[in-house]
Amino acid sequence: MLTLWYSPTSPYARKVRVLIRECGLRERVNEQVALPLDDPAVLLAANPLGKVPALRLDDGTVLYDSRVICAWLAAQGAAVSPDSAYWQTQRRAALAEGVIDASVALVMEGRRPSPQRSDYWIGRWRSAIVRSLDALEGEVAALHEQIDAIASAAALGHLDLRHPTATGVMGGRRLRHGMRCSHSGHRCATPKRPVEPQPTRNSGRWLSAVYERTRT
Ligand SMILES: N[C@@H](CCC(=O)N[C@@H](CS)C(=O)NCC(=O)O)C(=O)O
């Protein structure tokens, strides 16, 4: 049985729920309400961005965001559909893109006159970034030369560019290390003494080059 976490008013979730019905998959999906602003533990565990919708598949893996879920649903009837690795790559790309969204939102919020700034949203975006960098760090070995790795490098590059004093707080140390990206303002370099397991297949040099390109 698939599980979809959704909020009744979310247009992203609604899109997914309509497609579930259009694809004739309603019987296969257990739809569970999860109100994101309440930070339900089950949703945070499913999606470190803390957003709905999120879809747990039969094998226990989870997909988000709504575009990835919709693409997966649409592929279910197809004679040939991409394998699980493809969907997890798309899901990681969505995770990194969510970090970018939160990082950009923090910049925009910072440009508002201070009485108009929302500590509540600043706190939510920061928490989402911390959780998501943690999750990406846990998967650094899976970041190959694909869109998820590019989006992760772009996310780190934006965090370093726009929040240079906060990157330590927001984390990503192991992710940077795995991707061999240095912290705020320095060239990406291979660390002198590796202290963390290195990714099995990805090319640190390639990722460093991508990261550098996000900084120019
Ligand atoms: N790009 C995401 C956007 C999902 C999204 O922003 N969902 C909102 C509900 S409409 C949410 O969960 N917000 C919680 C938050 O921003 O912390 C998608 O397509 O699924």
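Residues are numbered from 1 along each chain as its sequence is written. In this predicted model, local features need pLDDT of at least 70, side-chain atom pairs count only at pLDDT 80 or more, and totals for chains, interfaces and linings use all residues.

Q: Why is helix 4 called roughly antiparallel to helix 5?
A: The axes of helix 4 (residues 84-110) and helix 5 (residues 119-138) cross at roughly 150°. Angles under 35 degrees count as roughly parallel, over 145 as roughly antiparallel, 65 to 115 as roughly perpendicular and the rest as oblique. Helix 4 is therefore roughly antiparallel to helix 5.

Q: What makes helix 4 and helix 6 roughly parallel?
A: Helix 4 and helix 6 (residues 147-162) pack at an angle of about 15°, their axes 8 Å apart. The pair is therefore roughly parallel.

Q: Which residue classes make up the contact of helix 4 with helix 6?
A: Residues of helix 4, including Ala 93 and Ile 100, meet residues of helix 6, including Ala 151 and Leu 159; two residues are in contact if their C-beta atoms, placed from the backbone, lie within 7 Å. By class, this contact has 10 nonpolar, four polar and four charged residues. Ala, Val, Leu, Ile, Met, Phe, Trp, Tyr, Cys and Pro count as nonpolar, Asp, Glu, Lys and Arg as charged, and the others, Gly among them, as polar.

Q: What is the mean pLDDT of the chain?
A: The mean is 86, and 81% of residues reach 70 or more; pLDDT is the predictor's confidence in each residue, from 0 to 100. Over residues 184-203 the pLDDT is below 50. Where pLDDT is low, the predicted coordinates should not be read in detail.

Methods. Axes are lines fitted to C-alpha atoms, for helices over the stretch in contact, and angles run from 0 to 180 degrees between N-to-C directions. Helices (H or I, at least four residues) and strands (E, at least two) are DSSP runs, numbered from the N terminus.
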